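Subject: Structure for your review

Dear colleague,

Please find below the structure that I am handing over to you.

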Amino acid sequence: MAILATLPGPNHFSTLPTTAPPSSHPTPSHPPKPPIPIPKYPPPLRFQNRPPKPDSSPAFKTHHRNSKYYKPVKPGQKIPLPDANNRAVVVGDSGISYQLPGAPFEFMYSYSETPKAQPIAMREPAFLPFAPPTMPRPWTGKAPMKKNKRNIKLFQPLGADENNDNLSMKRYEMLKDYELGKFSMRPRDEVLGEPLSRWEVKEMIKPHLSSNKQVNLGRDGLTHNMLELIHSHWRRQPVCKVRCLGVPTVDMDNICRRLEEKSGGKIIHRVGGVLYLFCGRNYDFRKRPQLPLMLWKPAAPVYPKLIQDAPEGLTKKEADELRTRGKTLLPICKLGKNGVYITLVRDVRTAFEGSVLVKLDCKGMHATDYKKLGAKLKELVPCVLLSFDDEQILLWRGREWKSMFEDETPSINRSSGRGLSITNISEAKTVGSSPKMTSLWQRAIGSGKASVLDELYLSPDELLQKVEEFERKTQAIEHSYPAIIYPNTEDKACEEKDDYEDDDKFYSNDSFEDVDSSVPLGSLPVDFIARKLTDGQDQVRKM
């Protein structure tokens, strides 16, 4: 190749230039053409004449929990609904309730677990969580079938004879329409009838003691749909077993009161967190109040904060100091999840007798559970909430705290001239006792086993002296024998002597003739007999 490059003539293998030579007539560069657009065809004729869709119910456009809906409300505000008359959402002292025409009471999601504080805002628009009032059938959670494919189901009415095999004699009914707002409620006294006797209560409770057919009452307390569940239990048996667990067990009296008030039954037995609810002697399932069911759980309203930087009666600096002290404080108890906290209020009150602060360990519990627990203790004890840090409830007893034993323990002033005097004595309380206890007291006083003090305010020394005197009297009464006193007449004495002369020959009086009839108080006649016998034996030995 090097030899060819040295030959004369054109070089066919010369190197090409690295850059193109400049051109005197440059050609303009055009952008690429766009792609062919997709043709837009008109819609089919069958869709052109379709009517517009009607607006759906606002209940199906509800805001979810992550939405930022916030509407301030005033206490006692009544929000009417545009779709029907006399159907409204009421904001009251006990939270949000739902008002329906003809209802026996205002419906709520939970009748027992509503805070005492008034709500300040709502988290969702105001609408009823019930089925629409214009439904052709009871709401079952599914859309109705088409008319041409719908099969009408027939049901056998309640109270019919199920053992009858003759199909021509059986009676069937269609499922009736559910009419919202028509409630028939009988008086509670009429349904309950006469009170149950003790043996009737025992016989009714016996089959339910080991049975698991029960209604479970959890953190939401007595809910609205639970009322219909209780009536379904009463359809088969007259007693419904209710087991309560979790936060509602702090105030069992409230649970019992709400159950009897809303269901119309009577609690005949209560053991811990288990209740036995009796329907009544004259209960009829077909005449029960047919309450509408809630289709979903409404969003809880916004309440004021439980924990404040400067709680009641404290400055921010004092509150921070108490919270710092509470970090090293040992909890009085460990609360478990879904437990029974019947004695919790009493334990907290007792702990406040020895400490200003009380801590409860709630590790493992849900955050909403121990917050509800703190709100209940704030109302029932009462006390002041300081913090929920580290899953622990820190309580302060407050400046207006009063001891449980203040009325029973009077203060004693030792600076008086007499030595002891009682000051700051509370007013005497009248305590009613049962007739049986009153009769026992009267019998004890009559027999000398009890005594009544004439003076109420005695010093400890004076009270001790009274007790010692009463003790000597009771010993004399118990260890003495009854004495027979004869009238001081010679005739009767002679007659009695003649009568008993014949009887003396049947036994020897050697050991009884020297016994003195006057026995000192607090001694037994047997002691004198034993002493005489020992003295006689000593005399025989000396002889």
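This is a predicted model: local features need pLDDT of at least 70, side-chain atom pairs count only at pLDDT 80 or more; totals for chains, interfaces and linings use all residues.

The structure contains 15 salt bridges. Among them is a network that links Asp220, Lys297 and Lys372. Lys297 and Asp220 form one of its bridges, with their closest N and O atoms 3.8 Å apart. This pair connects distant parts of the chain, 77 residues apart: Lys297 sits in the loop between strand 11 and helix 7, and Asp220 in the loop between strand 8 and helix 5. Lys372 also meets Asp220 in a salt bridge, at 4.0 Å from N to O. Because Lys372 belongs to helix 9 (residues 367-380) and Asp220 to the loop between strand 8 and helix 5, this pair ties together parts that are 152 residues apart in sequence. Both lysines are partly exposed, Lys297 with a relative accessible area of 42% and Lys372 with 31%.

A further salt bridge joins Arg186 to Glu190, with 3.8 Å between the closest N and O atoms.

As for the cysteines, the count of disulfides is 0. The cysteine sulfur closest to that of Cys256 belongs to Cys244 and is 7.2 Å away, which is too far for a bond. Cys256 is buried, at 10% relative accessibility, and Cys383 is buried at 7%.

Finally, helix 10 covers residues 435-446 and spans 16 Å from its first C-alpha to its last, close to the 16 Å expected. Of its 12 residues, 1 is buried, so the helix is hardly covered. Just after helix 10, Gly448 has a positive phi of about 85 degrees.

With kind regards

Methods: Residues are numbered from 1 along each chain as its sequence is written. Side-chain values use heavy atoms; hydrogens and water are left out. A disulfide is a pair of cysteine sulfur atoms within 2.5 Å. Buried means under 20% relative accessible area, exposed over 50%, partly exposed in between (1.4 Å probe, protein chains only). Helices (H or I, at least four residues) and strands (E, at least two) are DSSP runs, numbered from the N terminus. The expected span of a helix is 1.5 Å times one less than its number of residues. A salt bridge is a side-chain nitrogen of Lys or Arg within 4 Å of a carboxyl oxygen of Asp or Glu.
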